[in-house]
Amino acid sequence: MRLLIVGTLKGQLTTATKIAMDNGATVTHAEDHEQAMRVLRGGKGADLLLVDVALDIRDLVMRLEAEHIHAPIVACGITNDARAAVAAIHAGAKEYIPLPPEPELIAAVLAAVANDSRELVYRDEAMAKVIKLAQQIAGSDASVMVTGESGTGKEVLARYVHTRSARAKRPFISINCAAIPEHLLESELFGHEKGAFTGAVARRIGKFEEATGGTLLLDEISEMDVRLQSKLLRAIQERVIDRVGGTKPVPVDIRIIATSNRNLAEAVREGTFREDLLFRLNVVNLKIPPLRERPADILELAQHFVKKYAEANGVPMRPISADARRVLSSNRWQGNVRELENTMHRAVLMAQGDEIGPDAIITPDGDRLDLAKTAPAVAHATMAAEQVTRALVGRTVADVERDLILETLKHCLGNRTHAANILGISIRTLRNKLNEYSDGGIPITPAGAPGEYPRMPMIGA
């Protein structure tokens, strides 16, 4: 984590600095907005800004927005002034901390920011197209469907859209529609009044109201019961919700992002999802390709997870060896990014020596990843192929080419024409190579095998 302290607070924030550094954070100081922007422009970046409340926080927020720099701000002041705290939060700060700070409070703030940090790591062109579309529509209030297989990072992309929207400083509320029983989901979404049902001992605000002004993520919406879908449709269309047991509509102002790992068009045909709700939600569809279809992301993400878990576990950060990279690139990753992350976490813990080798790329059961899911014959072929590859290392291209030509010729029983066709070279090139080898004293399989015919003279030659 990277912490940037802005203002003349260095002495007052000794405790905060020490706690941050004890947790592996790097701390940088800037005396004013200009110096802070120079630090951020210089590539150091920051995961959190602690800013003197005496500075113009709104101005700093506007500067960050103008340059598309995204980092939460926590205001700090030497007085416990409620008006200053409220003004700072209205200006764009996420929190206000009186100075000198309590160690527990600083630790809680740092932990919250660290847990809320979800980097979007990608390199593949297929993913870049999805991100470009997300950037184009992020500033609107259009409803968004994020689709893709489980583990591809749908919630991460949803948060990415939120943080680049006009609602970025307002709440981002997520609810997993598949994880909550049907009879509780309505109350979770819309809230309830006291006495609405057994156990409703007090009014409860639902996720729609919690998210007012911000974004509501309906995760795995395809698992929502059809009867509840009709109430959700009304809430989205009318911008009002009815609490369970309530008598008065409650207005809400939210942006809806929904995710699904199922084909919703097929669900509509099966009668398990309302077509009108799909049309309402699917204004923009961000379809995340499975990890196996964006190969350039595999190694990029693997390196990211190595760094993350090496730091988290206090172990050396080892590079990924060439053999391990081949194992990672060739795996199908049925569990997508989630499976890759878990695999690299294990690799960080299991690796020995200076590199992360293929022996550290293992399944949860401890089997080597490239051999665990293959039949014995396939595994044997894989090992044989690796041995052949290793046998080539250290040899010159000329030596490998010579052996390939001679072995192919031997396989064709000396038939030059067939050998040239297999090798993809002209018969003249083959003969020139064979003459060269023969002059060097290397025995050549004799010509005259079946199918080898004398070369006909060219007309005019």
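A cavity is taken here, on a 1 Å grid over the protein atoms alone, as a set of points where a 1.4 Å probe fits but cannot get out, and its lining residues have an atom within 4 Å of a point. Grid points are joined across faces, edges and corners, and a volume is the space filled by probe spheres set on the points.

The structure is a predicted model, in which local features need pLDDT of at least 70, side-chain atom pairs count only at pLDDT 80 or more, and totals for chains, interfaces and linings use all residues. Residues are numbered from 1 along each chain as its sequence is written, and side-chain values use heavy atoms, with hydrogens and water left out.

**Confidence**

The protein chain has a mean pLDDT of 83, and 82% of its residues reach 70 or more; pLDDT is the predictor's confidence in each residue, from 0 to 100. Over residues 449-461 the pLDDT stays under 50, and the model has 12 contacts beyond four places in sequence for this stretch, a contact being heavy atoms within 4.5 Å.

**Sheets**

Helices (H or I, at least four residues) and strands (E, at least two) are DSSP runs, numbered from the N terminus. Two strands pair if DSSP finds at least two bridges between them.

| Open sheet, strand order | Pairing |
|---|---|
| E2-E1-E3-E4-E5, 5 strands | parallel |
| E7-E8-E11-E6-E12, 5 strands | parallel |

In the sheet E2-E1-E3-E4-E5, the edge strands E2 (26-30) and E5 (95-98) each pair on one side only. Neighbouring strands of this sheet are turned by 25 degrees against each other on average, direction ignored. Strand E1 (residues 2-6) runs parallel to E2 and is joined to E2 by 5 bridges; Arg2 stands opposite Thr26 of E2.

In the sheet E7-E8-E11-E6-E12, strands E7 (172-176) and E12 (284-287) stand at the edges with a single partner strand each, so one side of each has no neighbour in the sheet. The twist from one strand to the next averages 20 degrees. E7 pairs with strand E8 (residues 215-219) in the parallel sense over 5 bridges, and Ile173 has Leu216 in E8 as its bridge partner.

**Cavities**

The count is 2 cavities of 30 Å³ or more, and the largest cavity has a volume of about 60 Å³. Its lining includes Asp141, Phe208, Arg239 and Ile256. Helix H10 (226-238) and strand E11 (255-260) each supply at least two lining residues. The lining divides into 6 nonpolar, 1 polar and 3 charged residues, where Ala, Val, Leu, Ile, Met, Phe, Trp, Tyr, Cys and Pro count as nonpolar, Asp, Glu, Lys and Arg as charged, and the others, Gly among them, as polar.

Notes
Axes fitted to C-alpha atoms, helices over the stretch in contact; angles between N-to-C directions. 1 Å grid on protein atoms, 1.4 Å probe; cavity = no way out; pocket = protein on both sides within 12 Å on 5 of 7 lines; lining within 4 Å.
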